[in-house]
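Subject: A structure for you to look at

Hello,

Here is the structure I promised to pass on. Please open it beside this message and follow along as you read.

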Amino acid sequence: MLKRYLSITKPGIIFGNLISVAAGLLTTLAGVGLVIASGCVVNNIFDRDIDQKMKRTQNRELVQGNINTDVAFVYALVLLLAGTALLFQFANPISAVMVLLGYVFYVFFYTMWYKRTSVYGTLVGSISGAVPPLVGYLAVTNYISLEAVLLFGMFCLWQMPHSYAIAMFRLQDYRDAGIPVLPVKEGVDKAHQHMKAYVVAFGAVALALFLLGEAGYEYLAVSAAVCFMWTKVTFRKVDCLNYIQWSKTVFKVSLLVVMSISGVLGIELIPLPFL
């Protein structure tokens, strides 16, 4: 029973987001994790109809009817309140407000609106996806600075090629569910062009953190290496025969990028009070 309730919080998404917020405090990790879990539960509730059309989601607990939707909604509300309270009490109010804004974008603007109706759904979703690293920073600094803005922009940009890569190697699933992601609506070639632009923009913002004096040489070395790797992979020629394998490679490298940059920033950029 507990396993079913855990599964609808999408632990993989929680873990992926917590990698980038790990520079914050443990209470921040717990608070953000609970809020993300709440959003994922609501996503599971709202997406039952399209989840049953996709091979990778058709066995989810809510799709199978193993969990009552009313109970799941209460579960989501408890997770949201607990996570927000943790951030407000043990981090700071600005972190709590920021994570709630991310929640609103994910649940209302992305899940309930743009995901089903617009090719720009991925862009809207990238806003909520970039909130966790920002919250991790704000939990420690308690103010919005230039580096906070750069971090937010950088992780927004990261979300785009990462998400398009998933949509490309899951292309048939998205078609079956009628989700209008860019690769479905405008084709693989168009998506490839956009991905290249986003990867270049990501690299530019990542470099800006160093050039503006907000990060050191350790960060420069790590970010330059992984950005070069991601750019090289993304700019490879793509056609109807290799786009699935190519997109899987882009996806894997994107994970290396976010883990590497988040790791070095957690050590170098965030001024932890006990250091």
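Below are the notes on what was found, starting with the ground rules.

This is a predicted model, in which local features need pLDDT of at least 70 and side-chain atom pairs count only at pLDDT 80 or more, while totals for chains, interfaces and linings use all residues. Residues are numbered from 1 along each chain as its sequence is written, and side-chain values use heavy atoms, with hydrogens and water left out.

**Salt bridges**

Side chains of opposite charge can pair when their charged atoms come close. Searching the whole structure turns up 4 salt bridges (a side-chain nitrogen of Lys or Arg within 4 Å of a carboxyl oxygen of Asp or Glu).

One of them joins Lys 115 to Asp 47, with 2.5 Å between the closest N and O atoms. This pair links distant parts of the chain, 68 residues apart: Lys 115 sits in helix H7, and Asp 47 in the loop between helix H3 (26-46) and helix H4 (48-51). Helices here are DSSP runs (H or I, at least four residues), numbered from the N terminus. Lys 115 counts as buried because its relative accessibility is 12%, and Asp 47 is buried at 0% (buried means under 20% relative accessible area, exposed over 50%, and partly exposed in between, with a 1.4 Å probe and protein chains only).

Another salt bridge brings together the side chains of Arg 116 and Asp 49, at 2.8 Å from N to O. Arg 116 lies in helix H7 and Asp 49 in helix H4, so this pair ties together parts 67 residues apart in sequence. Arg 116 is partly exposed, at 27% relative accessible area, and Asp 49 is partly exposed too, at 35%. Asp 47, Asp 49, Lys 115 and Arg 116 are linked in a network of salt bridges.

Asp 51 and Arg 60 also meet in a salt bridge, 3.2 Å from N to O, and both of these residues are buried.

**More on helix H7**

Which residues make the nonpolar surface patch of about 310 Å²? They are Phe 46, Val 104, Phe 108 and Met 112. Patches are made of residues with over 30% relative accessible area and no salt bridge; nonpolar side chains (Val, Leu, Ile, Met, Phe, Trp, Tyr) are joined within 5 Å, and the areas come from the Shrake-Rupley method with a 1.4 Å probe. Helix H7 (residues 93-117) gives the most to the patch, with 3 residues. Met 112, placed in helix H7, is partly exposed at 35%.

Thr 117 is in helix H7 as well, and counts as exposed at 55% relative accessibility. The C-alpha atoms of Thr 117 and Gly 178 are 9.3 Å apart, though 61 residues separate the two along the chain.

**Helix H14**

Helix H14 (residues 217-234) has 18 residues and reaches 25 Å from first C-alpha to last, close to the 26 Å expected at 1.5 Å a residue (1.5 Å times one less than the number of residues). Its buried residues are Tyr 219, Ser 223, Val 226, Cys 227, Trp 230, Val 233 and Thr 234. They cover an arc of only 125 degrees around the axis, so they fall on the same side of H14 (the arc is that of the directions from the helix axis to the C-beta atoms). On the other side, Tyr 217, Phe 228 and Lys 232 are exposed. The buried residues of H14 pack against helix H10 (146-169), helix H13 (188-211) and helix H15 (243-268), where contact means heavy atoms within 4.5 Å.

Enjoy exploring!

Terms used. Patches are made of residues with over 30% relative accessible area and no salt bridge: like charges are joined within 9 Å, nonpolar side chains (Val, Leu, Ile, Met, Phe, Trp, Tyr) within 5 Å. Helices (H or I, at least four residues) and strands (E, at least two) are DSSP runs, numbered from the N terminus.
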